[in-house]
2 protein chains.
Amino acid sequence: MTGEPRLADIGEFGLIDRVSALVGQPDAVIGIGDDTAVLDTGGPEYTLATVDMRVEGVHFTADADRRSAGRWAMVSNISDIAAMGGSPAYALISLAVNPEIAIREIEQLYAGLIEEARRFGVCVVGGNVTRTSGPLCVDVTLLGHVPRNEVVLRRGAVPGDVLLVSGSLGGQAAARLSGRTVDPPTPQVHLGRRLAAARLVHAMIDLSDGLGSDVHHLAVCSGVGARLTEGMLPLGPGVAEIARELGMRPRDLALFGGEDYELLMAVAPQYVGAAMAASHPEALTAVGSIVAAEEGVSLETADGRREALLPGGWRHF
Amino acid sequence: MTGEPRLADIGEFGLIDRVSALVGQPDAVIGIGDDTAVLDTGGPEYTLATVDMRVEGVHFTADADRRSAGRWAMVSNISDIAAMGGSPAYALISLAVNPEIAIREIEQLYAGLIEEARRFGVCVVGGNVTRTSGPLCVDVTLLGHVPRNEVVLRRGAVPGDVLLVSGSLGGQAAARLSGRTVDPPTPQVHLGRRLAAARLVHAMIDLSDGLGSDVHHLAVCSGVGARLTEGMLPLGPGVAEIARELGMRPRDLALFGGEDYELLMAVAPQYVGAAMAASHPEALTAVGSIVAAEEGVSLETADGRREALLPGGWRHF
């Protein structure tokens, strides 16, 4: 009404920049800006802390299976801990619900949360329930830990590093777009731990928004550029077919589909073989390389052209 | 529609009981059921973790000052850390907002959050922003710490203990009911630390729902009963007058008004003097005593009758 700037004008990352400025320099090993905060609580390991809110109508539909919504909410957080090379340990669950919701539905939501928590040794140690007149909101805080000399950040990539991605890309988006119910992928906790313990990785991030967007976060945090190669992208099963049916390019699903929850990492060329061996039985695929910041982030397409790659992943606003 | 049980039928605490059963026995020092979780992260102190979501239209109005809403959201969590005898340290802030919200409003909300955080040495180290079609939700996760041998729980009160309360009661409710803008009270972090370090307290809880409700939590967790005395309740400034104007009993504001964020504690009789000395300059007032579980929780009214005190504080559903 007033013409003053709205959140929609600056988006999620614009807001995060402004909030970071308000917060100032935190008294933490790592504050805002990585997959998790890294805290020194005096023990032999760093404490990792992350939080992720999911809202009905945005991240899941009102008629979606509540158990599945719960699983997704836990998985997205576990994946953030994996991206630091850490082990998840404790969860707190905040819920805002309409008082008229059936208890059965809330129990299904918790059952999904707890199912994924148990798979990864996470204990639910606290939480909070409040009422709302609006959509259901579930906010999961996850705490984890990582040995002090093994934590892997988004920053640390250097020109010449090879960009490796775990698993395959676009499968979640393809299933979602073709109207199928999509179970959450398995977050790469064990892979992240193996790579961190082997100290083979310069920088790492999990793919929540999509490779095409998340590679920008890694590049910006590291102060570098990146080149991806379309022909090297490991497409998930059926991604090429579903993309064709929908009149889309398979690479757009792989780059911008989101919710793959795979790991993207930068590894020095001489350690790529060792990283692949340490990852066994999980596959790593080279998808590009780190270059100087001035080159920006680009994609070499299948027909040999080089295009600027814009951060066009999942947009929250 | 189906006649199946709704959340409104069992309420917040009924739901917490069900969720606790789903979660099972946590691998934590203290899991669900105290003011905060108590975690052993390997350092010289325990890590404390708590989370509290506040929703527009429930905890604050849509036209409320955003800075004030932010202050309240941080204060309610800081008070939970205070109730454990701990020091708050790190916050993560999750926000669900309509994309059309003015950036200024979000910045005001964060300014309020950060204002209270800074007062107590809390660093904001992470968070998350998502969109919603519904009311604004702000969820604050707060981490703190407490020396291992100083943590104070809700359990531990024994018959014969004196119940002491800090500060005064009912002032927040009186101001709210008389339509005034209410600044949040100062959470009793320093008092909680002094009492915990002096090891003078058997059990402690912060008064968020109201003494009349929160005394039940302390009693249930400790497996005891409690007697409160109406004539001993320290009424906040103006509480008696405002209650009279509104045709209410002052004791109902003190018992059930909520959001006092004072501390209620059980102290052995021989240490009451020492606890009061350790609390200086903060006043402690004896409001009753701990009795056997069979006696339940009761109130001796001003005219000398003893009434069962029902947990009738702030109801979330």
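**Entry 1: the sheet of chain B**

I began with the open sheet of five strands in chain B, whose order is 1-2-5-3-4 and whose pairing is mixed; strands here are DSSP runs of E of at least two residues and helices are runs of H or I of at least four residues, numbered from the N terminus, and two strands pair if DSSP finds at least two bridges between them. Strand 1 (37–39) and strand 4 (123–131) of chain B stand at the edges with a single partner strand each, so one side of each has no neighbour in the sheet. I noted that neighbouring strands of this sheet are turned by 20° against each other on average, direction ignored. The model is predicted, and I kept in mind that local features need pLDDT of at least 70 and side-chain atom pairs count only at pLDDT 80 or more, while totals for chains, interfaces and linings use all residues. Residues are numbered from 1 along each chain as its sequence is written, chains are lettered from A and ligands numbered from 1 in the order in which they are written, and side-chain values use heavy atoms, with hydrogens and water left out.

**Entry 2: strand by strand**

I followed strand 1 of chain B into strand 2 of chain B: the two run antiparallel and are joined by three bridges, with Val38(B) opposite Leu48(B). They form a hairpin with five residues between them, and Gly42(B) in the turn has a positive phi of about 90°. Of the 11 residues of strand 2 (residues 45–55) of chain B, 10 are buried, so this strand is largely enclosed by the rest of the structure; buried means under 20% relative accessible area, exposed over 50% and partly exposed in between, with a 1.4 Å probe and protein chains only.

**Entry 3: helices 2 and 3 of chain B**

I then looked at how helix 2 (residues 66–82) of chain B meets helix 3 of chain B: their axes come within 7 Å and cross at roughly 35°, where axes are lines fitted to C-alpha atoms, for helices over the stretch in contact, and angles run from 0 to 180 degrees between N-to-C directions. The residues of this contact (heavy atoms within 4.5 Å) include Met74(B) and Ile78(B) of helix 2 and Leu109(B) and Leu113(B) of helix 3.

**Entry 4: the two chains together**

Which chain gives 71 residues to the contact, and which gives 70? Chain A gives 71 and chain B gives 70. The area buried between chain A and chain B is about 6100 Å², 65% of it from carbon and sulfur atoms; buried area is the accessible area (1.4 Å probe) that two parts lose on being put together, summed over both. Met53(A), Ile103(A) and Arg131(A) supply 11% of the area that chain A buries against chain B, more than any other three residues.

**Entry 5: strand 9 of chain A**

Strand 6 (residues 162–166) of chain A pairs with strand 9 of chain A in the antiparallel sense over four bridges, with Leu164(A) opposite Met265(A). Strand 7 (residues 203–206) of chain A also pairs antiparallel with strand 9 of chain A over four bridges, and Ile205(A) has Leu264(A) as its bridge partner.
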